[in-house]
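My entries follow in the order I made them.

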Amino acid sequence: MATFPITKRGAELLKAELHKLKTVERPAVIAAISEARAQGDLSENADYDAAKERQGFIEGRIQEIEGKLGVAQVIDPSSIHAEGRVVFGATVELEDEESGDRVKYQIVGEDEADIKLGLINISSPIARALIGKEEGDTAVVFAPGGERAYEVVAVHYI
């Protein structure tokens with residue numbers, strides 16, 4: 001199985017979710033199943049069916065997170081030395097060459113991407129266009145809305 005990159009913060013978030021699933025969610029759903037069983041006839045017990053479905057979701061998510069953490073390549077952006085190039089984990093300040101608008105993005109793994117927080121997936125069109133660029137370079141992004149050009153204003157490793 002291939003490894004996939006994830007920032008140190010992203011790995012910590014996955015570990016926290018895993019801990020919550022194992023210590024809070026799993027025991028709660030086991031208690032709900034037990035309580036539903038105590039009500040009697042399981043063939044028409046909606047609470048039992050819902051709890052079993054929730055248990056399946058929780059167990060599946062636990063397996064998924066454990067699998068991802070097992071093959072994750074954890075990268076600490078503050079320890080990167082890329083001489084000003086845009087790489088995974090870098091925070092990039094961009095200026096839209098057409099409108100002059102400025103944006104700031106950090107390039108992260110797929111599980112931690114959240115555009116509202118300025119976290120973009122490494123496999124997104126804009127991240128792929130930025131990889132390898134340096135301050136002053138122009139990145140051309142082919143997005144569904146058309147072609148956009150961004151100037152790389154600054155690159156940080158934080």
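Is Asn-45 buried or exposed? I counted a residue as buried under 20% relative accessible area, exposed over 50% and partly exposed in between, with a 1.4 Å probe and protein chains only. Asn-45 is buried because its relative accessible area is 6%.

I note the ground rules here. This is a predicted model, in which local features need pLDDT of at least 70 and side-chain atom pairs count only at pLDDT 80 or more, while totals for chains, interfaces and linings use all residues. Residues are numbered from 1 along each chain as its sequence is written, and side-chain values use heavy atoms, with hydrogens and water left out.

**Entry: Asn-45**

I placed Asn-45 in the loop between H1 and H2. Helices (H or I, at least four residues) and strands (E, at least two) are DSSP runs, numbered from the N terminus. I then looked up its polar contacts (pairs of N or O atoms within 3.5 Å; within protein, one must be able to donate a hydrogen and the other to accept it, and residues adjacent in sequence count only if both atoms are side-chain atoms). The Asn-45 side chain reaches the backbone oxygen of Ala-36 at 2.9 Å. At the start of H2, a side-chain oxygen of Asn-45 comes to within 3.1 Å of the backbone nitrogen of Asp-47. For contacts I used heavy atoms within 4.5 Å. Not counting residues up to four places away in sequence, Asn-45 touches Ala-36 and Gln-39.

**Entry: helix H2**

The buried residues of H2 include Tyr-48, Ile-58, Arg-61 and Lys-68. The buried residues of this helix pack against strand E1 (4-7), helix H1 (8-38) and strand E2 (72-75). Asp-49 also lies in H2, but counts as partly exposed because its relative accessibility is 43%.

I traced an open sheet of five strands in the order E5-E4-E3-E7-E6, with mixed pairing. Two strands pair if DSSP finds at least two bridges between them. The edge strands, each pairing on one side only, are E5 (119-121) and E6 (138-143). Strand E4 (residues 102-108) runs parallel to E5, with three bridges joining them, and Val-108 stands opposite Asn-121 in E5. E3 and E7 are antiparallel over six bridges; here Asp-96 faces Tyr-150 in E7. E6 and E7 are also antiparallel over six bridges, and a hairpin joins them through two residues. In that pair I found Val-141 opposite Arg-148 in E7.

**Entry: the cores**

I took a nonpolar core as a set of buried Ala, Val, Leu, Ile, Met, Phe, Trp, Tyr and Cys residues joined through side-chain atoms within 4.5 Å. The largest has 21 residues, of which Val-92, Leu-94, Ile-107, Ile-126 and Leu-130 touch the most other members. Strand E3 (91-96), E4, helix H3 (125-130), E6 and strand E7 (146-156) each supply at least two residues of this core. H3 gives the most, with four residues. Apart from this core lies another, of 16 residues, among them Ala-11, Ala-36, Tyr-48 and Ile-58. Leaving aside neighbours within four places in sequence, the contacts of Leu-94 include Val-103, Ile-126, Leu-130 and Val-152.
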